[in-house]
Amino acid sequence: MATNRREHRLNVPAAKVWQAMCDFGQVHTRVAPGFLTSLELDGGDRVITFFNGLVARERLVTIDDAAMRLVYAVVEGRPTHYNGAIHVIADGEYRCRLIWTIDLLPDELGPIVGGMMDHAAPFMKKTLEAA
């Protein structure tokens, strides 16, 4: 199974980042506008469109407010397994770490998804630090 893990240090309090990250239906406006171009809620799923036209149907697995951790799964598309987790960790009063992990199959999708995560990083940092 391919695993991609990215850790980002943000100059914003963890609580503010968590407020944006746990808003499952607004990730395209509150977390990564420009990287994500649209989002439609469909039942309990979100159908998101990426900057490159790729569309994914994501299902919320869990939101843990106490741990500031969100888990989601892609339920349609090329991966036969796709589990994503976002974890926000306070790093002092005014900074935090955002840890984003994606486990997926088949393995050959790992570098592609990792590249998309790297592409998303500056969009996320700019938006979250400006909030």
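Helices (H or I, at least four residues) and strands (E, at least two) are DSSP runs, numbered from the N terminus. The model is a predicted one, in which local features need pLDDT of at least 70 and side-chain atom pairs count only at pLDDT 80 or more, while totals for chains, interfaces and linings use all residues. Residues are numbered from 1 along each chain as its sequence is written, and side-chain values use heavy atoms, with hydrogens and water left out.

The largest pocket has a volume of about 570 Å³. A pocket is defined on a 1 Å grid over the protein atoms alone, as an open set of points where a 1.4 Å probe fits, with protein on both sides within 12 Å along at least five of seven lines; lining residues have an atom within 4 Å of a point. The volume is the space filled by probe spheres set on the points, which are joined across faces, edges and corners. Of the 32 lining residues, Phe50, Ala56, Glu58, Tyr82 and Met116 are the closest to the centre of the pocket. Two or more lining residues come from each of E3, E4, E5, E6, E7 and H3. By type, the lining comprises 27 nonpolar residues, one polar and four charged; Ala, Val, Leu, Ile, Met, Phe, Trp, Tyr, Cys and Pro count as nonpolar, Asp, Glu, Lys and Arg as charged, and the others, Gly among them, as polar.

The strands form an open sheet of seven, in the order E1-E7-E6-E5-E4-E3-E2, with antiparallel pairing. Strand E1 (2-10) and strand E2 (36-42) stand at the edges with a single partner strand each, so one side of each is left without a neighbour in the sheet. From one strand to the next the twist averages 25°. Two strands pair if DSSP finds at least two bridges between them.

Strands E6 (residues 81-90) and E7 (residues 96-105) pair in the antiparallel sense over ten bridges. Here Ile89 stands opposite Arg97 in E7, and Gly84 stands opposite Ile102 in E7. Five residues lie between the strands of this E6 and E7 hairpin, where Gly92 takes a positive phi near 90°. The antiparallel pairing of E5 and E6 extends over five bridges, with Arg69 opposite His87 in E6. The hairpin of E5 and E6 has four residues between the strands, and in it Gly77 takes a positive phi near 130°.

Helix H3 (residues 110-130) lies across E1, strand E3 (45-50), E6 and E7, and runs at about 15° to E1. Axes are lines fitted to C-alpha atoms, for helices over the stretch in contact, and angles run from 0 to 180 degrees between N-to-C directions. Thr127 is found in H3 and, at 17% relative accessibility, counts as buried. Buried means under 20% relative accessible area, exposed over 50%, and partly exposed in between (1.4 Å probe, protein chains only). Not counting residues up to four places away in sequence, Thr127 touches Thr29, Arg30, Val31 and Pro33, contact meaning heavy atoms within 4.5 Å.

Gly43, by contrast, is found in the loop between E2 and E3 and counts as exposed, at 73% relative accessibility.
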